[in-house]
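Thanks for coming. I will go through one structure in a few minutes, so please look at it on the screen while I talk.

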Amino acid sequence: MRLTALDEAAEAIGLKKNQGVAEARAICPALDVVEEDLGADRRLLDGIADWCDRYTPLVALDGRDGLFLDITGCAHLFGGEKALLKDILSRLFQMGIDARGAISSAPGLSWAISRFGSGGVIADEEMEHVLSPLPVASLRLEEQTIAALQKLGLKQVGDLLLAPRAPLARRFGAHLLLRLDQALGRDEEPVSPRRAVASLSAERRLTDPIQAEEDILYLTGQIALSLKTSLEERGAGGRAFELVLFRVDGRVFRVAAGASQPLRDPRRIAALFSERLQAVHDDLDAGYGFEILRLNVMRHEAFDAAQEDFDGDRQKDVSLASFVDRVSARLGADCLQSFQLRESHVPERAMTAAPAIRTLSSGKKPEASGFSWSRSERPLRLFLRPESVEVSLAEVPEGPPDSFRWRRMLHRVSRSQGPERLAMEWWIDGTDARARDYFRIEDDTGHRFWIYREGLYGQLPPPRWFMHGVFA
């Protein structure tokens, strides 16, 4: 058992990381040791990262105990960089989290100052002066490299700055110089955010937190109204939205909603979240209220601003899209399915099911796809897998059956039409796949079926009959 993390009191009495617990207890018998829980630590760090979204959407995880925030263009919203850093650290301290932070134009320098310095805001002209007295471990190097540098007497970053670069590269590789240049801002180091960045975003900060669902929906509509102008300027409408709710105690809730067609109307956007809030009602704990509401447009597409025609067809499309959006928001995107044609003449492959909220946006009807796999009438209900039927007597070689037994019931054929021969797709089924002869059958009670014979009489193996669908 070894120590993996220390607080300031433990560091003050001389304890160190990776020190044995028995040795640490010998130094301090009253030492309070808590077993490490990596999962809980990661959940805490994810929660803090979600909370930091109030300052910038560009938040990245840094190992097991750190965060990178790209605050480019955000600092002025909080009174400048010093005020922003002070607000972050003071709020975290009020939540019981002792954190250190630094702001600079180089992520590597901010990392070094946060862990080995006193923090604060570092100007560009002070970067080299602030970095020089720090240990070489502040450059995010491997332990072997750090130990080798210290054996040579290169213990501080300033020692590396005074040393020739070519011998350092030959001895320790280019990675050492890369880390040094990143810390000095000479080499760009991008911050990769942990979440997808919204294409458009708007928020409302509240002096009095809200709890009621009606207030949340009202403010959502107001925020959506402020986004409408930006969407119009882009000639676009939102397809995927995200409502982010920041609770006063630091917890963050994210509610996602999608639309089948690009949306700009604030009322329809608010209606989407009305259904979503009903679906996640039990998981949404308002607690002492939400202090920040943010509406993100995660994905947008070109908006068709066509004028409605006089016969009202446009209104029918809007009503259908609104129905699909609200039902999908309440019950999930897969609750409503629509069918799309595929270029295959094999009936079970000729169409595929997809969520209606995704397919409705194309605006194309099945017959407009440019491909028609049906040259004759098809049954209203097509079975996913054809079911075997027993045929006692049939016209040879290519006639329909006189009677057949399906699902333990005997059906006598009174009318038939066919055959319609369909060859299988050899590139999928192989060259040995047998052709199908389809018949439309009506029995003596008026029921209509769609059956087929696989193979021909007089060939081996003997042909088999299957039920593939039923008509109305």
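A search of the whole structure turns up 0 disulfides, a disulfide being a pair of cysteine sulfur atoms within 2.5 Å. C52 takes part in no disulfide, and the nearest cysteine sulfur, that of C74, is 12 Å away. Seen from C74, the closest cysteine sulfur is the one in C52, and 12 Å is too far for a bond.

Before I go on, a note on what you are looking at. This is a predicted model, in which local features need pLDDT of at least 70 and side-chain atom pairs count only at pLDDT 80 or more, while totals for chains, interfaces and linings use all residues. Residues are numbered from 1 along each chain as its sequence is written, and side-chain values use heavy atoms, with hydrogens and water left out.

Are these two cysteines buried or exposed? C52 is buried, at 3% relative accessibility, and C74 is buried too, with a relative accessible area of 12%. Buried means under 20% relative accessible area, exposed means over 50%, and partly exposed is in between, using a 1.4 Å probe and protein chains only.

Now the sheet. 4 strands form an open sheet in the order β5-β8-β6-β7, with antiparallel pairing. β5 (200–210) and β7 (252–263) are at the edges with a single partner strand each, so one side of each has no neighbour in the sheet. From one strand to the next, the twist averages 15°. On the terms: helices (H or I, at least four residues) and strands (E, at least two) are DSSP runs numbered from the N terminus, and two strands pair if DSSP finds at least two bridges between them. In general, strands of a sheet pair through backbone hydrogen bonds, either parallel or antiparallel.

Inside this sheet, β6 (residues 236–247) pairs with β8 (residues 290–302) in the antiparallel sense over 11 bridges. V244 stands opposite R294 in β8.

Which helices pack on the sheet? Helix α11 (residues 213–234) touches β5, β6, β7 and β8, and its direction makes about 155° with that of β5. Helix α12 (residues 266–279) touches β6, β7 and β8, at about 130° to the direction of β7. Axes here are lines fitted to C-alpha atoms, for helices over the stretch in contact, and angles run from 0 to 180 degrees between N-to-C directions. Contact means heavy atoms within 4.5 Å.

Back to R294, which is buried, with a relative accessible area of 8%. Leaving out residues up to four places away in sequence, R294 touches several residues, including D53, R54, S201 and E242. A polar atom of the R294 side chain lies 2.7 Å from the backbone oxygen of D53.

Last, the hairpins. Strands β11 (residues 381–394) and β12 (residues 401–406) run antiparallel and are joined by 4 bridges. They form a hairpin with 6 residues between them, and V391 stands opposite F404 in β12. β12 is also joined by 4 bridges to β13 (residues 409–422), again antiparallel, where S403 has R412 as its bridge partner. What lies in the turn of the hairpin between β12 and β13? There are 2 residues between these strands, and R407 in the turn has a positive phi of about 55°.

That is the end of my part.

Key
A polar contact is a pair of N or O atoms within 3.5 Å; within protein, one must be able to donate a hydrogen and the other to accept it, and residues adjacent in sequence count only if both atoms are side-chain atoms.
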